[in-house]
Amino acid sequence: MTKKINRRNFFKTTAAGTTMLASADAMAPRLAAPLMNTVTSRPAFEQFPYQEQNIHRPEDGELPDKVVASGCSFCPSNCRHLVHVKDGKVYNVYGEEKDPVQGGGLCPKGQLIPQLLYNTHRITQPMKRVGPKPSNEFKPISWDEALKEIAQKVLEIRDKDGAKAVAAKGSIRQTIEACAMQKRFMELLGSPNTIHGGNLCDASGSVASEMTLGSSGQTNGYGSDPITETEDLGDSKFVLWLGSNDAETHPVLHAYMRKRKRGNGSKWVVLDPRLTITGNSADRWVPVRAGTDMAFVYAMIHHIVNNDLYDKDYVEKWVLGFKELKDLVNEKGYTPEWAEKITNISAKVIVEVAEDYAKAKPAAIISNSGIAHHVNGVDTSRLLIFLAAITGNIGIPGGGANFMHNSFVPTDLPPIKDAKKIEDSGLPPFPECFVKAINGGAPYPLKALFYSGNIMTQAANTKEVEAAMKKLELFVSFNLFPQEDTYYADYILPTTTFYEMDHVGIRRCDRGLRWRNQVVKPVGESRPDADIWIDLGHAVAELDSKNGADYWKGNLDAQWKDRKHLWNEVFPKQNATAAGMTADRMAEMATPLRWPCPNAEHPGTSVMYLDQPEWKDIWGGKRFLTESGKIEIFTADLEKKLAAVGRKSIPEFYTSNENPGGLPTASLQEKMEKSPTIATTDGGNSVHVASLGAKADAGLKEKYPHQLVTGRPSALIFNSITHWSWQAAQISADRFIQISKALAEQIKANSGDIVKVATQHGEIIAPVLVWDAIEPNTVFIPMGSGDKQVVHHDVGRYTWDTVNRLTGGTAYDNLSGQHEYKAFLCSVTTVPGKKIHDLVKEMKEKLEQEKKEAAEKAKKGGESKEAKKEEKA
């Protein structure tokens, strides 16, 4: 019998080790040397292979040693991964077929995890800077050294500048446990400045839900719901999508929704400046101008309330402030005709969408970052809740106002023993506010920053971020790869992928959690983020003469590294509404378990705010979790609280600061007040007081006549992290700028031409893609690219600078802290005589020159060392 040769058994059957390695290398495109420029050598690292499929087929006798149930946190689809392991290595991954929503599916991002797990560029030891900033000059040190040195510096800053001078930001790719440990560490230190990935993604929807309904979290769920005996969102008769390219950002959940749409005849309307894949699935695409969704929704409400299309019984029983809402839309004349001039959508279309939505039952609203990432993010999200409320679509299966990425599942730890009250207010909870405090010292300076993620591709105004990173006394990066922000790090602490630890990862959009088993041991010396926070706390304990070791070790228990113990014994006892969500129970389930779930017999909650005992009994008989027990559009108490920061319960229309129509916007005063809507710790957060109604700078559009919109790239990419996969670098290497045919003709550009996009904040270049279906004046650029994504070099492609060089300004939503990311004025001009291949050629020449200079520097350094030795001798 002839044995089939593949890369794995080739290693076993080749005689000479050197020949084996040379032959193996010849089977795949050659990788560049590891990027990490260390003083001492680091171990060679096997790259997940380029060409071999590594599928273990039963017919070939190629069975995995084991299949481990784990998962992915690249998006809130929260897919279960069935990971195939052979000889202690991950070889393949499949989706969970027993989950009817997942249906065995996996999106491209999830399938790339093995390429991140086994990657020549991966950081596998703690690293300490030995060169200037910015540079990639580090040396490996032990964990004990790294933690002790970081602990010493943190305590030095605390004692000199106060604990508030230390800030931390977690990541969506971390675990829920890591976020809990980060928050506990910062509370023990005494700092109010701790935030997480949710503060970037969709804090607006979370705050709006909390203000109006009493709790954050997506109101409705996906898949079978035992309580209502429905498919919940899968049974919607009408879905209004706003600011969400769901087909590419949550491919697996969207596949379920499309399947249900075909089955039940649901009608979909998509509001988006460009026709996305989500829009292709819809019955109607509405190319609304960026940042004007608020006007569109106000016009819908105006038509509904003035044509008796609202649910009178529901409003009378469950809604406070309907009269005030109706009075405002009538007094201000927020008619469809008024909205037409702002949105560039005809009044006729607005009326048709309003009537289709109001007459369908159940009707759902689903929105995402396209709504959240504006200065009016919270207010627009609130209007969407108002729209759902007045039509009776809150608290019913298939309805709701569903803000993706904001769902909250409580993970409180036991109370801190001998707790010290945090007196200081936190900064507005967003990275840009951290950057401004570092650079300008207002309202107080930040001196140290712990960061998980990539602040260079996440925070607006890259130029300001670079300046801030140079000024920090301590920057600690929790990371897998040497990316853009690690060039400014003082220490890099190597973290793990999803497959290297037991954990509960990101919640599904509908508050659903899964237990994920460890698949393989951590690569190198990498550690889970949660463990790093505990270990750092224990390192501080040995040095903190102010609080003592017991304070730290007793309140940041080493036993919490055992995540099964944490979820079986700690979290359920501290969080009554999640008491039924234990590790043991979740591990036995093929589907996510949805919060709230108060006991082991409760099936979990799909529909929030049900008028049924399964929901109301959890909350002592309340349906809505506001003080009144109703949906609060307007109350005198809410109006008073919001007035302190310059806001109103029912605001007049306003939009982004940089808009081409000179429309009213929001400006921020120097004055700061305690926020009535956000509190990252018990100390709360201060925000700048807003002034609404200011006119946008009309002169700006003379220099920058077009509307820049940023957003998510293709389904293959999750921010910057997946750019470290060779496959993503090959397939999705080039970041294209989408413009309309009319704009292309105006600037005389064809698809593939290189163009320069400039704003008042900066400029970048990229190839253009002429797109038939995009709002004529809109320029769309995906986020997530960065100029240090060297895997692009490995596969012969170009590295594109971050779009955040174009974003910036002082504008943020002071109800959530969320920065303006989506709407900026820009200019677009062609770069004559340049194509992508020209840029790649220039890049290769530059890399060769840098390589020569590095070799010469190393040679001179070696000669200098030898000379010093001789001189000493």
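Entry 1. I looked for the residue opposite Val-239 and found Ala-364 in S15. This is a predicted model, so I keep that in mind. Strand S15 covers residues 363-367. I checked how S11 and S15 pair, and the sense is parallel, over five bridges.

Entry 2. I turned to strand S12, residues 267-271. S11 pairs with S12 in the parallel sense too, over five bridges. Which residue of S12 is the bridge partner of Phe-238? I found Lys-267.

Entry 3. Is S11 buried or exposed? I went through residues 238-242, and five of the five are buried. Buried here means under 20% relative accessible area. So I wrote down that S11 is largely enclosed by the rest of the structure. I then sorted the residues by face. Phe-238, Leu-240 and Leu-242 lie on one side. Val-239 and Trp-241 lie on the other. Both faces are covered.

Entry 4. I moved on to helices. Two packed helices are described by the angle and the distance between their axes. I took helix H5 (residues 143-161) and helix H22 (residues 529-541). Their axes come within 9 Å and cross at roughly 65 degrees. I noted the crossing as right-handed. Which residues make the contact? From H5 I listed Trp-143, Leu-147, Lys-148, Ile-150, Ala-151 and Leu-155. From H22 I listed Ile-532, Asp-535, Leu-536, Ala-539 and Val-540. I sorted the contact by class: nine residues are nonpolar, two are charged and none is polar.

Note on methods
Residues are numbered from 1 along each chain as its sequence is written. This is a predicted model: local features need pLDDT of at least 70, side-chain atom pairs count only at pLDDT 80 or more; totals for chains, interfaces and linings use all residues. Side-chain values use heavy atoms; hydrogens and water are left out. Buried means under 20% relative accessible area, exposed over 50%, partly exposed in between (1.4 Å probe, protein chains only). Helices (H or I, at least four residues) and strands (E, at least two) are DSSP runs, numbered from the N terminus. Two strands pair if DSSP finds at least two bridges between them. Axes are lines fitted to C-alpha atoms, for helices over the stretch in contact, and angles run from 0 to 180 degrees between N-to-C directions. A crossing is left-handed if the near helix is turned anticlockwise from the far one by less than a right angle, and right-handed if clockwise. Contact means heavy atoms within 4.5 Å. Ala, Val, Leu, Ile, Met, Phe, Trp, Tyr, Cys and Pro count as nonpolar, Asp, Glu, Lys and Arg as charged, and the others, Gly among them, as polar.
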